[in-house]
Amino acid sequence: MLAVLSLAVLVSVIPGPVATASLGFDLDRATIPQLQRLMDRGALTSVRLTQAYLDRIRTVDKKVNAVLKVDSTALAQARESDHRRKRGQARGPLEGIPVLLKDNIDTRGLITTAGSRALLGAPPSADATLVSRLRDGGAIVLGKANLSEWANFRSTHSTSGWSGVGGQTNNPYVLDRNPCGSSSGSGAGIAASLAQVAIGTETDGSIVCPAAANGIVGHKPSLGLVSRSGVVPLSLEQDTAGPMARNVEDAAIVLSVLQGRDRTDAATLAYPSTQPKDYTCALRPGALRGTRIGLWRLAGIDKDVDRIVERAAATLRAQGATVVEVDLPYQAEIGEVEYPALITEIARDLPIYLRHRPQAPQTIQGLIDFNRRDPVELSKFGQELFEQAATAPGPDDPAYRQQRAKATSLARRSIDETLAAHRLDAIVAPTNSPAWLTDYENGDAYVLGSSTPAAVAGYPSTTVPAGYVGELPVGLSFITARWADAKSLALAAAFEKANPVRRAPRYLPS
C-alpha cells in the first residue's frame, strides 16, 4: 500500500459510531446526499472528506487489510472537485465522493492485478468504462481494494479474501472470520468506513456475499446494465459490476452513474431506454405496501439464520406486504451445469483480456506455469480450476453449449415462473450464513447462500443487512425480474428503513 502523504487529521476509532473530530459527524452513518449538502454550503470539502478516509485507511486498515493501494492523486482529485464546486461546475451526484475500486477493474496509473502477482507489471493505460463514468460523475478514485484472487476461481479449496498481491482481508466485525469473496476488500472496506462507496464485481455471489457478510448493502445489477469493458473477466455470460455501500440510497446513486450502453460491451446493447436515469427516485416511502413478496427461506440449514428470516418476514408484513412461501425450482440442475460452463468461459474470456496486458502471461497455461514458479501464489491453496480450464472444451463444443443454455434457461425460469405463479413483486431470501473462520487448510466453509438464481439468470439482486448472529451480520436479498433493478433497490430500501439494524464493526480479534 502506498504511504499516505502528510496526515493532517487524526481519526479516532471507537466501537459504534465512527468519530472524526475534524468532520463533526458520524462518518459511518453519513449518506452521499448529506455529504453533498454539507459541501454545497461550505461546511465540508472533498479534501477534508478524502483526507479523513485516507487517515482511516492508514490506521484502521492495519486490522482489516482491505485496501491494496491508495491513489497518490486522491487529494489532488479532491482539490479539483472543490474548485469545480466553487465555480458551479459540479459534474454529478458523486462530485467529491471517495470511491474504492475492486482490483480487477482497470484504472489508469494504478495497478490492476485481479490479486495475481502475474499482473504486477505496468498498470493499465486507460480506465475501464465504469471508472470513466465514475470520474465523469465527479467521484474521487481513492484506491484499489483487495479481492479473492482471480475472482475466487483458481482453486476448489480457495480461501475468500486472499490474494497473492494483497494477502488476507479480514472481516471487520470479527477479524479471524472470513469476509467472503470475491469482492472481499470492497465489502470489508466499506464496512470499516475506509471509503464512502466501493465497486465490486460478481459472477455468482461475489457482490452479495461479501456485502452481507460485512454488514453492508450490495447491488448485483441486471447483466448488461453496467459495462464490463476493462474489467478482468471470469465469464461474460454472468459477470457484472455493481455498487457496495453502507445504505441503499448510496448504492442507488452509484448505480445511476455506472449504468448505460457501451459499444465495447455487447451485453449493454440490450440495456433498455426505459431504465430510470436516477434510481433514487424509486426509493419512495411505503414501497412495500401492497406488494407480494415470495419468501425463499432456505430453512433448516442454519437455525440462527432461520430466526433472522422469520423476523424479516414479520417486518415485511408489518410494512404492508403479503408474504408468500416459495421454493425456487431447478436449483440442483443449475448447479450441475454452471461450473462446467464457467470453466470453458474463463478459458475463453480471460486470455482476451490479457492481450492488453502484454507483460503478463497470455494464456491459462502461462498463468499456471507462473504460479508454479512463484514463491507466494501457491502458498495457501492450489490451482485446480485453472488446470481444468487449460484443457477445457472450447466454446463451440456441443456439450458446453448445452451446459450454458441449460444453466441460463433454468435460472431464468426458476425466477420468472416463481414470480408469475404467485403474482410476486420480488423474491427474498437469506443472503448468507454467519461468516466462517478463515482456514487455509480446509478453504471456504459456505453453509448457505441464495445468489445463484439471479447470478446465472443475469437478474438483479440487492442485499441489505437483516440481523446479526452474535457479532456477525446476516443479509436479506431482494431478487426481481430482469431490468427491474429499481424495484429491487426500492423494496430493499423500504426494508432497510423499517429494520435499521446495521451497526459499525468493532474489530474483535476472535
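## A partly exposed loop residue

Asn-65 is partly exposed because its relative accessible area is 24%; buried means under 20%, exposed over 50%, and partly exposed in between, with a 1.4 Å probe and protein chains only. Asn-65 is found in the loop between α3 (61-64) and β1 (67-70). Phi of this residue is near 60°, a positive value in a residue other than glycine.

## Basis of the description

The model is predicted: local features need pLDDT of at least 70, side-chain atom pairs count only at pLDDT 80 or more, and totals for chains, interfaces and linings use all residues. Residues are numbered from 1 along each chain as its sequence is written, and side-chain values use heavy atoms, with hydrogens and water left out.

## Overall form

The protein contains 16 helices and 13 strands. These elements are DSSP runs numbered from the N terminus: helices are H or I with at least four residues, and strands are E with at least two. The C-alpha atoms fill a box of roughly 60 × 60 × 50 Å along the principal axes.

Of the 510 residues, 62% count as buried.

## The nonpolar cores

In soluble globular proteins, nonpolar side chains tend to be buried together. A nonpolar core is a set of buried Ala, Val, Leu, Ile, Met, Phe, Trp, Tyr and Cys residues joined through side-chain atoms within 4.5 Å. The largest such core has 119 residues, and Leu-130, Leu-134 and Ile-199 have the most contacts inside it. Apart from this core lies another of 22 residues, among them Val-232, Leu-234, Ile-343 and Leu-350.

Leaving aside neighbours within four places in sequence, Leu-130 is in contact (heavy atoms within 4.5 Å) with residues including Ile-105, Ile-199, Val-226 and Leu-258.

## A buried helix residue

Thr-50 lies in helix α2 (residues 46-59). Thr-50 counts as buried because its relative accessibility is 0%. Not counting residues up to four places away in sequence, Thr-50 touches Ala-74, Leu-75, Ala-78, Pro-98, Ile-140 and Leu-142.

## Backbone exceptions

Most residues other than glycine have a negative phi, and most peptide bonds are trans. Ser-193, in the loop between α7 and β6 (197-202), has a positive phi near 55°. With a relative accessible area of 0%, Ser-193 is buried.

The peptide bond from Gly-181 to Ser-182 is cis, with omega near 0°. Ser-182 is found in the loop between β5 (167-168) and α7 (184-191).
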